[in-house]
Amino acid sequence: MIIVDTELKKREAAGKPLRVGMIGAGFMGRGLANQIINYTPGMTLAAISNRTVKNARQVYEDAGWDQVVEAQNLVALEDAIRQQQPVVTGNADLLCESEQIDILVEATGHVEFGAQVTMKAIAFGKDLVLMNAELDGTVGPMLKVHADRAGVMLTGCDGDQPGVQINLYRFVTSIGLTPRVCGNIKGFQYRYRTPETQQEFAKAWGQTPEMVTSFADGTKISFEQAIVANATGMKVAQRGMLGYEYDGLVDDMVSMYDLDMLREYGGIVEY
């Protein structure tokens, strides 16, 4: 049994679920909300902040919760959480300030706003999970310094590519091996994608064309691999990474890399 599942079940049995505040109500936020609300005993989505409040309300409703209230101030937000009533707000500061929220998730994908709200959360002693690779890859190390000084947790999320790679990295090191390449596998990498070429795909999946383009043209993967490099101390072989295109088994790719170079760099991040 995984320890975190056991601890969450204990909280569920005690009637003290972990109260999560989510900032951002986009594609990732919708999926996370559904998972917390419907499939994670011992955890509750206490509040959602989004600049377009109706989108935050829709996230709750899509996950099966209705009777959502909107809070304009901290008192209203905390009253709703105490009454176990789903609450939304356009003011992310309220979630940072609330004593009724145990942990925050930043899921906006916006660098400047994400940095500001992260610093606000740190100032109020809030542990924070980033679902924002753009933020983490840009100023994550600096934010981590501030979090460590304040004695709060600042981490990425499990399940997204950097988290999956770090789990594999941890496993490989735990069996006595030395990882030399942390790779991110993409099946649709094409650097000449544009918002125009991705418009129909974005519409079908309820995402913005600009965001979908970043997934396909190499932008997103660069941020993700920067996070892995920051976490492991690995390097980049060249600007933009080497980026091999290969149709076979990933096990057969080992011959493509110069082991002496990998040792000299202390390992590299790659795709």
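# Reading salt bridges, helix packing and backbone angles

User: What do the side chains of Arg-82 and Glu-78 meet in, and at which N to O distance?

Analyst: The side chains of Arg-82 and Glu-78 meet in a salt bridge, at 3.8 Å from N to O. As a general idea, side chains of opposite charge can pair when their charged atoms come close. The term salt bridge requires a side-chain nitrogen of Lys or Arg within 4 Å of a carboxyl oxygen of Asp or Glu. This is a predicted model, in which local features need pLDDT of at least 70 and side-chain atom pairs count only at pLDDT 80 or more, while totals for chains, interfaces and linings use all residues. Residues are numbered from 1 along each chain as its sequence is written, and side-chain values use heavy atoms, with hydrogens and water left out.

User: How many salt bridges does a search of the whole structure find, and which residues do the salt bridges at Lys-120 and Lys-220 involve?

Analyst: The search finds nine salt bridges. In one of them, Lys-220 pairs with Glu-134, the closest N and O atoms being 3.0 Å apart. This pair links distant parts of the chain, since Lys-220 is in helix 11 and Glu-134 is in helix 7 (residues 133–150), 86 residues apart. Lys-220 and Glu-134 are both buried. Salt bridges with shared partners also join Glu-78, Asp-79 and Arg-82 into one network.

Lys-120 forms a salt bridge with Asp-93, with 4.0 Å between the closest N and O atoms. Here too distant parts of the chain are linked: Lys-120 belongs to helix 6 (residues 111–123) and Asp-93 to helix 5 (residues 92–97), 27 residues apart. Lys-120, at 26% relative accessibility, is partly exposed, and Asp-93 is partly exposed at 30%.

User: At what angle do helix 8 and helix 11 pack, and how far apart are their axes?

Analyst: Two packed helices are described by the angle between their axes and the distance between the axes. Axes are lines fitted to C-alpha atoms, for helices over the stretch in contact, and angles between N-to-C directions run from 0 to 180 degrees. Helix 8 (residues 161–174) and helix 11 (residues 219–232) pack at about 35 degrees, with their axes 9 Å apart. The crossing of helix 8 past helix 11 is right-handed; the term applies if the near helix is turned clockwise from the far one by less than a right angle, and left-handed if anticlockwise.

User: Which residues of helix 8 and helix 11 meet?

Analyst: Contact means heavy atoms within 4.5 Å. From helix 8, Gln-161, Pro-162, Gln-165, Ile-166 and Tyr-169 take part, and they meet Glu-224, Gln-225, Ile-227, Val-228, Ala-231 and Thr-232 of helix 11. By class, this contact has six nonpolar, four polar and one charged residues. Ala, Val, Leu, Ile, Met, Phe, Trp, Tyr, Cys and Pro count as nonpolar, Asp, Glu, Lys and Arg as charged, and the others, Gly among them, as polar.

User: Which elements do the buried residues of helix 11 pack against, and what follows helix 11?

Analyst: The buried residues of helix 11, including Lys-220, Ile-221 and Ala-229, pack against helix 7, helix 8, strand 8 (181–183), helix 10 (209–216) and strand 10 (268–270). Helix 11 is followed by Gly-233, with a positive phi near 85 degrees.

User: What is the phi of Gln-67, and what is that of Met-241?

Analyst: Gln-67, a residue other than glycine, has a positive phi near 55 degrees. Gln-67 lies in the loop between helix 3 (53–62) and strand 3 (69–70) and is exposed at 61% relative accessibility. Met-241, also other than glycine, has a positive phi near 70 degrees. Its loop runs between strand 9 (235–236) and helix 12 (259–265), and Met-241 is buried at 7%.

Terms used. Helices (H or I, at least four residues) and strands (E, at least two) are DSSP runs, numbered from the N terminus. Buried means under 20% relative accessible area, exposed over 50%, partly exposed in between (1.4 Å probe, protein chains only).
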